[in-house]
Amino acid sequence: MRRILVKGGKKLQGEVSVSGSKNAALPILAATILTHGKSTITRIPDLLDIRTMIRVLRSLGIRAEYAFPNTVHTWVNGGLKHIAPYELVTKMRASFFIIGPLLAKTGHARIPLPGGCAIGSRPVDIHLKGLQALGAKIFMEHGFVIGEAKKLTGSRIYLDFPSVGATETIMMAATLAHGETVIENAAREPEIVDLAAFLNKIGAKITGAGSEEIKIQGVSSLGCCEYDIIPDRIEAGTLLIAAAATRGDVLIKDVNSLHLEAAISKLREAGVMLGIRGTSIKVNVPNGIKPVDIKTLPYPGYPTDLQPQISALLSLSSGTSVITETVFENRFMHAHEMRRMGANIKLEGQSAIITGVNKLEGAPVKSRDLRAGAALIIAGLAAEGETLIEDIDQFIIRGYEGLDNKLRNLGAQIKELKNISEYGYDEDIS
Ligand code: UD1
């Protein structure tokens with residue numbers, strides 16, 4: 001368990017660069033199962049989840065190496081194993097995404113069923129229905145999902161919900177299927193477009209990624225390539241919100257602002273000034289933060305992965321905001337913690353009613369998931385006094401590459417506490 005101490009009240013100032021996208025890198029690494037030969041993928045963030053995915057690939061017999069900075073090389077030549085280790089898949093849900101490419105490449109997959117997680121039950125039924133529609137036999141045995149298919153066959157698949165992971169699973173599986181697959185009501189996230197671009201670069205025939213209908217014409221084999229991952233839109237959004245919450249003045253570099261349209265529009269509605277020039281966004285807050293209502297939705301709607309962070313910002317607005325979470329059923333855990341810091345948040349079903357307060361106060365709090373951790377850091381940066389955030393592992397090493405360092409470079413007073421006894425003493429952490 002790791003802890004972070006944040007001393008609030010300092011405006012963030014300066015320049016910061018955004019890392020590569022975790023949620024694009026994970027499925028692209030899974031997709032290397034489909035490759036043949038050596039691939040080199042750059043702008044891979046150095047995160048625990050990425051290391052876990054590399055270990056999953058190695059467990060299948062793929063040679064995969066992390067090369068500093070931010071590069072992964074993979075070599076796929078001979079036969080692959082088709083069993084993923086329990087301890088890795090249960091550590092990270094995204095490792096389940098290997099089921100599609102593994103089934104397509106080897107005809108077999110034996111993957112532990114991922115458990116629930118902090119933000120909801122997160123089933124995989126849409127992934128499995130999609131694979132069945134491609135002709136795979138899917139069954140459960142002793143906690144493992146077993147998939148078998150001599151040859152997958154293209155099919156027309158309507159997704160009950162535009163699940164990001166299920167769209168990725170089906171897209172990867174269909175690349176080597178016989179004939180054409182059409183995914184209707186597909187997820188449209190930029191990470192889907194990035195995965196399709198990678199797959200096309202190794203020889204797949206995919207059109208329509210980024211729209212509701214994706215077409216995949218199956219091919220008999222795939223090659224290898226060099227590929228550069230897109231910037232992380234969730235990290236960029238987190239930095240924008242952190243800068244706004246501290247009334248800072250920050251230039252965020254290496255961003256694709258087109259991937260952030262919903263967040264940018266909501267931040268502007270809240271009174272945040274955002275100047276976009278090429279791949280940079282300049283943030284400042286000339287006046288106060290105004291309340292706004294937000295509903296999380298699949299892309300291009302407002303991202304659920306930026307919901308906790310904007311809740312922290314709106315806790316300091318001049319009125320009442322209503323945030324409705326429609327993607328995950330249990331994503332307001334940060335609200336209970338932010339109340340301990342003086343936020344006025346009432347939960348009603350799928351909505352959080354946030355009435356702005358004049359100030360937040362530092363307090364000991366717990367990070368229940370990755371994005372909740374980010375929200376608590378933002379609240380801590382904007383609060384008066386010291387905030388001790390416990391269980392921060394999810395934040396520092398799983399989801400954001402070097403974010404504590406990046407924030408420190410912007411003037412934030414934030415440090416990891418090696419010893420709990422450090423908390424409560426009037427020590428200078430600047
Ligand atoms: C991905 C992102 C995650 C983000 C989420 C929604 C990665 C590694 N993670 O997760 O950060 O929060 O998209 O933008 O890319 N669902 C089902 N059955 C399924 C699959 C999903 O009911 O088979 C439900 C989920 O429980 C959830 C909703 O669909 O309520 C959205 O999930 P999904 O889009 O699949 O998210 P992930 O791919 O898991």
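In this predicted model, the largest nonpolar core brings together 77 residues, and those with the most contacts inside it are Ile44, Ile50, Ile98, Ile111, Met171, Phe198 and Leu199. Helix H1 (residues 22-31) is the top contributor, giving seven residues to this core. Another core lies apart from it, with 68 residues, including Ile289, Val292, Val357 and Leu403. As a general background, nonpolar side chains in soluble globular proteins tend to be buried together.

Let's look at Phe198 itself. Setting aside neighbours within four places in sequence, Phe198 touches Ile28, Ala31, Thr32, Thr35, Ile41, Cys225 and Tyr227.

Next comes strand E14 (residues 249-253), whose covered face holds Val250 and Ile252, while Asp249, Leu251 and Lys253 form the uncovered face. E14 has a parallel partner in strand E2 (residues 13-17), with five bridges, and here Val16 sits opposite Ile252. E14 also pairs with strand E16 (residues 280-284), this time antiparallel over four bridges; Val283 in E16 is the bridge partner of Val250.

Now for some backbone details. Most residues other than glycine have a negative phi, and most peptide bonds are trans.

Pro69 is in the loop between strands E4 (63-67) and E5 (71-76), and Pro300 is in the loop between strand E17 (294-295) and helix H10 (307-314).

His142 has a positive phi, near 50°, and counts as exposed because its relative accessibility is 75%. Arg247, with a positive phi of about 55°, lies in the loop between helix H8 (233-245) and E14.

Terms used
Residues numbered from 1 in each chain as written. Predicted model: local features only at pLDDT ≥ 70, side-chain atom pairs only at ≥ 80, totals over all residues. Heavy atoms only, no water. Core = buried A, V, L, I, M, F, W, Y, C linked by side-chain atoms within 4.5 Å. Buried < 20%, exposed > 50% of the residue type's maximum accessible area, 1.4 Å probe, protein only. Helix = DSSP H or I, 4+ residues; strand = E, 2+ residues; numbered from the N terminus. Contact = heavy atoms within 4.5 Å. Pairing = 2+ DSSP bridges.
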